[in-house]
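Here is my note on the model. Please read it alongside the coordinates.

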Amino acid sequence: MKAVLFDLDGVITDTAKYHFEAWRDIAKSLDIEIDETFNEKLKGISREESLDRILICANKVDSYTKEEKLRMCEEKNKTYIKLIGSLTSKDILPGISKLIKELRENNIKLGIASASKNAPKILESLGIKDEFDCIVNPSLLERGKPYPDIFIEGSKMLNLEQYDCIGIEDSYSGIKAINDANMTSIGVGKKEVLGKCDYIVEDTGLLSYNTLLQVWSKKVDLA
Ligand code: B16
Ligand code: MG
């Protein structure tokens with residue numbers, strides 16, 4: 001195990017509630033209501049694709065031009081940026097600061113593989129941006145999660161083989177991306193939601209360097 005690629009929303013901090021609040025406003029303007037179950041399906045999905053899924057739900061797929069859709073995405077992001085305005089290190093999920101410290105002490109590289117274009121800003125607010133050796137820019141990739149591209153790009157930025165990397169994710173699409181990148185997949189959440197992972201923890205407080213190393217070693221031994 002030479003690197004750990006972290007998803008951001010749902011693994012390092014919980015901003016899903018803010019994405020939900022911001023999308024709910026857009027959904028209301030389209031005369032529909034979205035609930036937490038629907039929001040679960042938006043996790044790990046890009047801003048543009050999230051809007052497309054909401055438009056399908058509202059039966060308005062062909063009702064807007066590209067420019068109008070862009071404006072709706074910008075509007076959603078404006079609300080979202082306001083909502084995340086007060087994020088501090090207190091918003092780092094349990095166990096994550098300790099895990100980062102343990103990984104660094106053991107010379108493991110750290111990367112961010114988040115679909116969020118706001119990732120650098122969020123990491124800055126949390127006070128941990130400098131802990132990471134790479135932050136993949138999702139805007140430069142043609143395909144988002146569930147395609148493996150973002151994780152593969154992370155391993156390239158770190159000059160590492162994919163099998164030497166672990167990915168940690170809280171979404172079904174993210175876990176699929178890690179598996180298809182031939183990395184060891186660690187899910188945070190429930191099996192019914194995440195699908196097939198190499199290892200699952202119910203919450204981030206249960207993640208540790210030793211556990212990750214054991215899971216990775218077992219997977220590589222089996223290969
Ligand atoms: P933004 P992750 C994802 O982050 C979120 O889970 C998803 O809900 C959001 O639409 C996406 O980032 C894009 O975010 O609008 O900030 O660019 O889970 O991949 O860290
Ligand atoms: Mg996530």
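**Notes on the predicted chain**

1. Charge first. In this predicted model, the mean positions of the 32 positive and 38 negative charges lie 1 Å apart. Lys and Arg count as positive, Asp and Glu as negative; His and the chain ends are left out. Each charge is placed at NZ of Lys, CZ of Arg, CG of Asp or CD of Glu.

2. Fold and dimensions. The chain has 10 helices and six strands (DSSP runs numbered from the N terminus: helices H or I, at least four residues; strands E, at least two). Its radius of gyration is 17 Å, close to the 17 Å of the globule rule for 223 residues, so the chain is as compact as a globular protein of that length. That radius is taken over C-alpha atoms, and the rule is 2.2 Å times the number of residues to the power 0.38. Along the principal axes, the C-alpha atoms fill a box of roughly 50 × 35 × 30 Å.

3. Burial. Of the 223 residues, 48% count as buried (under 20% relative accessible area, 1.4 Å probe, protein chains only).

4. Ser185. Where does Ser185 lie? It belongs to strand S5, residues 184–188. Ser185 counts as buried because its relative accessibility is 0%. Its side chain makes a polar contact with the side chain of Asn179, at 2.7 Å (a pair of N or O atoms within 3.5 Å; within protein, one must be able to donate a hydrogen and the other to accept it, and residues adjacent in sequence count only if both atoms are side-chain atoms).

5. Conventions. Residues are numbered from 1 along each chain as its sequence is written. Side-chain values use heavy atoms, without hydrogens and water.

Definitions and conventions: Chains lettered and ligands numbered in written order. Predicted model: local features only at pLDDT ≥ 70, side-chain atom pairs only at ≥ 80, totals over all residues. Buried < 20%, exposed > 50% of the residue type's maximum accessible area, 1.4 Å probe, protein only.
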